[in-house]
Every structure is written in structure tokens, then in C-alpha cells.
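Here is a fold to walk through step by step.

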Amino acid sequence: MMKNGFTLLEVLIALLAAALISIMSFDFLSNTVFLKDRIDNSISEDSKHSKAIHLMRLDMMQAVPFKLKDQNFNNLNNVFIGSNNERILTFVALTTSDTGILSSKLRRIIYRYKNNNLIRTTTLANNENIVLSEEILLSEIENLEIYFGDSLDDLVEIYPGLNIVENNIFPEFVILNYRINDKKYNQIMGFFR
């Protein structure tokens with residue numbers, strides 16, 4: 001008399017095959033999820049970086065030759081100040097993105113490099129004590145260097161410097177060198193007048 005069914009050995013072999021398939025599937029799926037998260041983070045960081053650089057370029061395109069005043073309202077006789085200190089860029093721009101209720105669209109734009117962050121602050125054009133907005137554009141920036149000049153062959157770390165001609169109110173070039181997460185960046189921007 002013959003019985004229908006599986007032997008114990010056949011059942012064990014089937015279970016072993018199912019276990020191996022499950023382990024390989026789990027490994028493949030976990031690697032896929034890890035890779036997806038890594039790609040999503042990379043895309044997010046690249047997007048944030050592109051947005052920050054685009055905003056800086058837009059601010060420079062909208063810059064106007066408006067004489068700056070210091071915090072005590074004394075004339076500085078400059079329309080642009082740049083340095084490698086904490087406060088790297090200061091100028092006035094006619095911002096189109098500001099939708100505030102104030103009538104003037106002139107804003108003082110201040111870019112700072114503090115605690116490895118690139119910070120953008122907007123204030124009133126004549127009174128930087130009244131802060132309208134402030135945001136961290138980029139984080140984890142290392143070794144930020146900034147240079148200014150009217151040609152790429154003659155760059156300075158402070159603008160205006162001693163060799164700047166009076167008629168040049170904005171530098172033609174602003175060069176930013178920095179690192180974020182072991183990636184080197186070299187941005188060439190400018191006030192194209």
C-alpha cells in the first residue's frame with residue numbers, strides 16, 4: 001500500500017530552500033532601502049546647495065549702488081563690503097522676492113559665515129538693526145575662503161581694498177572656495193554691471 005505525501009527529508013529541503021530565498025530577498029531589499037535613503041539624502045543636499053548658490057547669485061544680480069551706513073548711521077561711502085571675517089558680504093539689493101508690507105523693496109543683504117553655517121540676513125537698507133529675515137542657507141561648511149576682484153588674476157581678501165579704483169563700486173568677481181562633506185566647491189559669481 002502506497003501513501004501519498006512528502007517525506008521528512010523533502011519537507012526539510014523545501015524549508016531550507018525557502019529560508020535561503022528569504023535571506024537573499026531580505027538582504028537585497030535592505031540594500032535597496034539603504035541605497036534609496038542615501039540617494040534621497042544626496043539629492044536633498046544638492047538641491048539645498050543649488051538653492052543657496054542661486055539665491056546668492058540672484059541677490060548679486062539685484063544689487064544697487066546704495067551707499068551703506070554703519071550701525072550708528074554714519075556714512076561708509078561704500079556700496080559693497082566683503083571680507084574673509086564672519087561677515088563675508090554686505091550690500092543693498094532691490095529684492096523682488098520680499099513680499100513684506102513695507103513700501104521700499106531695498107534691503108541690506110548680509111551674508112555671514114558662523115559656526116560652519118552660511119547665514120543670509122536681510123534688514124532695512126539704512127538700518128541693519130531692524131532684521132527682516134534670517135536663515136541658514138548651508139550647514140557643515142568647512143574652510144570657506146572668499147576673494148574679490150575686477151579680474152581673476154588680481155584677487156583680494158577684503159573689498160574695497162587699498163588698490164581699488166574709486167569708480168569700481170562692486171567687484172566684478174566674487175570667488176567662494178569651501179568644502180561640504182568632503183566635496184570641494186569653487187563658485188565664481190559676480191556683480192555684472
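Two strands pair if DSSP finds at least two bridges between them. Helices (H or I, at least four residues) and strands (E, at least two) are DSSP runs, numbered from the N terminus. This is a predicted model, in which local features need pLDDT of at least 70 and side-chain atom pairs count only at pLDDT 80 or more, while totals for chains, interfaces and linings use all residues. Residues are numbered from 1 along each chain as its sequence is written, and side-chain values use heavy atoms, with hydrogens and water left out.

Start with the open sheet of 5 strands. The order is E1-E2-E3-E4-E5, and the pairing is antiparallel. Strand E1 (80–82) and strand E5 (131–138) are at the edges with a single partner strand each, so one side of each has no neighbour in the sheet. On average, neighbouring strands here are turned by 20° against each other, direction ignored. Such angles are taken between axes, which are lines fitted to C-alpha atoms (for helices over the stretch in contact); they run from 0 to 180 degrees between N-to-C directions.

Now go strand by strand. E1 is joined to strand E2 (residues 87–94) by 3 bridges. Here Phe80 stands opposite Phe91 in E2. Between E2 and E3 there are 7 bridges, and Leu94 has Leu106 in E3 as its bridge partner. E3 and E4 are joined by 8 bridges and run antiparallel. Across this pair, Arg107 stands opposite Leu124 in E4. E3 and E4 also form a hairpin with 2 residues between them, and Asn115 in the turn has a positive phi of about 50°. How many residues of E3 are buried (under 20% relative accessible area; exposed is over 50%, partly exposed in between; 1.4 Å probe, protein chains only)? The count is 7 of its 9 residues, and E3 is mostly covered.

A second open sheet has 4 strands. They follow the order E7-E6-E8-E9, again with antiparallel pairing. Strand E7 (154–156) and E9 are the edge strands, each pairing on one side only. The twist averages 25° from one strand to the next. E6 and E8 are joined by 7 bridges. Phe148 stands opposite Val174 in E8.

Next comes the helix. H1 (residues 8–61) lies across E2, E3 (106–114), E4 (117–124) and E5, at about 135° to E5. H1 also lies across E8 and E9, running at about 20° to E9.

Look inside. A nonpolar core is a set of buried Ala, Val, Leu, Ile, Met, Phe, Trp, Tyr and Cys residues joined through side-chain atoms within 4.5 Å. The largest one has 32 residues, of which Phe80, Leu89, Phe91 and Tyr111 touch the most other members. Elements giving it two or more residues include H1, E2, E3 and E5, and also strand E6 (141–151), strand E8 (173–180) and strand E9 (183–189). H1 gives the largest share, 5 residues.

Glu128 sits in the loop between E4 and E5. Is Glu128 buried or exposed? Glu128 counts as buried because its relative accessibility is 11%. Its side chain makes a polar contact (a pair of N or O atoms within 3.5 Å; within protein, one must be able to donate a hydrogen and the other to accept it, and residues adjacent in sequence count only if both atoms are side-chain atoms) with the side chain of Arg87, at 2.6 Å. The side chain of Glu128 makes another with the side chain of Arg108, at 2.7 Å.

Key: Contact = heavy atoms within 4.5 Å.
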